[in-house]
Structures are given as C-alpha cells and as structure tokens.
Amino acid sequence: MNLKFPVNLFLQGIQEKKVYYFSNKNINTDTPHYYICLKRTDDDLLILSCCTSQFETVKRFIELSDLPFETLVWIKPKDGENPFIKDTYVNCNQYFSYSIDQFKQMYEQDNISFSGEISDVHFEQIIIGIKISPLIDEDIKDLLPQLD
C-alpha cells in the first residue's frame, strides 16, 4: 500500500532541489521523467529542469548547436545524494514551467510523485548551466537563485 500525503502537505513541500517524477506532453514521449525544481516563485510558478539518461542525444544537441558544454550536467547515482539509479543528465538549455495548480491537479490524479532531492553541488551546476545558456530567456535567469 502506497501512503499518500494530503495534497496541502505535498504542495507546501515543493521547493528548490526537490525531484518529481511525471509525464510531460511537451517532450514528445509518454514516458515519465524526473524533474528538478529550480525555483518556486513568490506567485507559485515552478521552474523545472528535465532529467534524462540519454547522454548521446543531449551531447549531440549541444555540439550541433555550438552551446557551452557546461550546459550539460551529469548526475552520477549515489545513495543519499540523489534519487537516481543510473547516470542522469540535465540539458540546461531548456526548462519547463508549471503552476502550483497544475501540480495539485497532477497529484490529485496520481500523475506525479516526489522522488527525493539532489545535492547542493549538482543544483549549483544546473543553475550555472542555465545562466550561461544562450537559449534561456534573461527573465527566467533572473528568477533563479543567485549563487555565492
């Protein structure tokens, strides 16, 4: 039996570095992916990055588009540091945004689950990658956390 938190507790827990698992129609597959929350804005907009195990696909995109290699972040599976069971990659040249209401609806329909959290080091690498990406709007970059 799977225990499910009340929806208000789930929503309160959504924050930076948390990892969620769900399917997204905007990435041309019905296969669920892991998404890392990069920012929850004051008006409850969520900015997320998508994780993949398809290294060659992301690497080829970055090379063909002549993008900085720092926009590809590798997260090695490691107990206690992240929820991944295999090598995982983040393409920092794209992001996804959702409202809290969208997450609420997905949660109520059992279409999203909380999977864990990533380390500070990986979080910082992703933020750096997004901030140097020429494909990310400055407005989004400005919303992301400032690193010391």
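Predicted model: local features only at pLDDT ≥ 70, side-chain atom pairs only at ≥ 80, totals over all residues.
## Around helix 3 and beyond

Visitor: OK, and which residues in helix 3 are buried?

Guide: Helix 3 spans residues 100-108, and Ile100, Phe103, Met106 and Tyr107 are buried there. They sit on the same side of helix 3 because they cover an arc of only 120° around the axis, the arc being that of the directions from the helix axis to the C-beta atoms. Buried means under 20% relative accessible area, exposed means over 50%, and partly exposed is in between (1.4 Å probe, protein chains only).

Visitor: What covers those buried residues of helix 3?

Guide: The cover includes helix 1 (7-12), strand 1 (18-22), strand 2 (33-40), strand 3 (45-52), strand 6 (96-99) and strand 7 (112-117), with contact meaning heavy atoms within 4.5 Å.

Visitor: And where is asparagine 111 found?

Guide: Asparagine 111 is in the loop between helix 3 and strand 7, and it is partly exposed, with a relative accessible area of 41%. If its neighbours within four places in sequence are left aside, asparagine 111 is in contact with Tyr21, Phe22, Ser23 and Met106. Asparagine 111 and phenylalanine 22 are 89 residues apart in sequence, yet their C-alpha atoms are 6.1 Å apart in space.

Visitor: Switching to rings: how many aromatic pairs does a search of the whole structure find?

Guide: The search finds 12 aromatic pairs. One of them joins tyrosine 21 and tyrosine 34 in a tilted arrangement, 4.7 Å centre to centre with 45° between the planes. That pair links distant parts of the chain, with tyrosine 21 in strand 1 and tyrosine 34 in strand 2, 13 residues apart. Tyrosine 35 and phenylalanine 96 form an edge-to-face pair, 5.7 Å centre to centre with 90° between the planes. Tyrosine 35 lies in strand 2 and phenylalanine 96 in strand 6, so this pair ties together parts that are 61 residues apart in sequence. Rings of Phe, Tyr and Trp (its six-membered ring) pair if their centres lie within 6.5 Å, and planes under 30 degrees apart count as stacked, over 60 as edge-to-face and the rest as tilted.

Visitor: Are tyrosine 35 and phenylalanine 96 buried or exposed?

Guide: Both tyrosine 35 and phenylalanine 96 are buried, whereas tyrosine 21 is partly exposed at 31% relative accessibility, and tyrosine 34 is partly exposed at 27%.

Visitor: Which residues do ring pairs link into a cluster?

Guide: The cluster consists of Phe10, Tyr20, Phe22, Tyr35, Phe96, Tyr98, Phe103, Tyr107 and Phe114. Among them, Phe103 and Tyr107 are also buried residues of helix 3.

Visitor: Now charges: how many salt bridges does the search find?

Guide: The search of the whole structure finds 8 salt bridges, each being a side-chain nitrogen of Lys or Arg within 4 Å of a carboxyl oxygen of Asp or Glu. One of them is between the side chains of glutamate 16 and lysine 39, at 4.0 Å from N to O. Glutamate 16 lies in the loop between helix 1 and strand 1 and lysine 39 in strand 2, so the pair ties together parts that are 23 residues apart in sequence.

Visitor: Which residue does lysine 59 form a salt bridge with?

Guide: Lysine 59 forms a salt bridge with glutamate 63, the closest N and O atoms being 3.4 Å apart. Both residues lie in helix 2 (residues 55-64), 4 residues apart, about one turn of the helix. Lysine 59 is partly exposed at 23% relative accessible area, and glutamate 63 is partly exposed at 46%.

Definitions and conventions: Residues numbered from 1 in each chain as written. Heavy atoms only, no water. Helix = DSSP H or I, 4+ residues; strand = E, 2+ residues; numbered from the N terminus.
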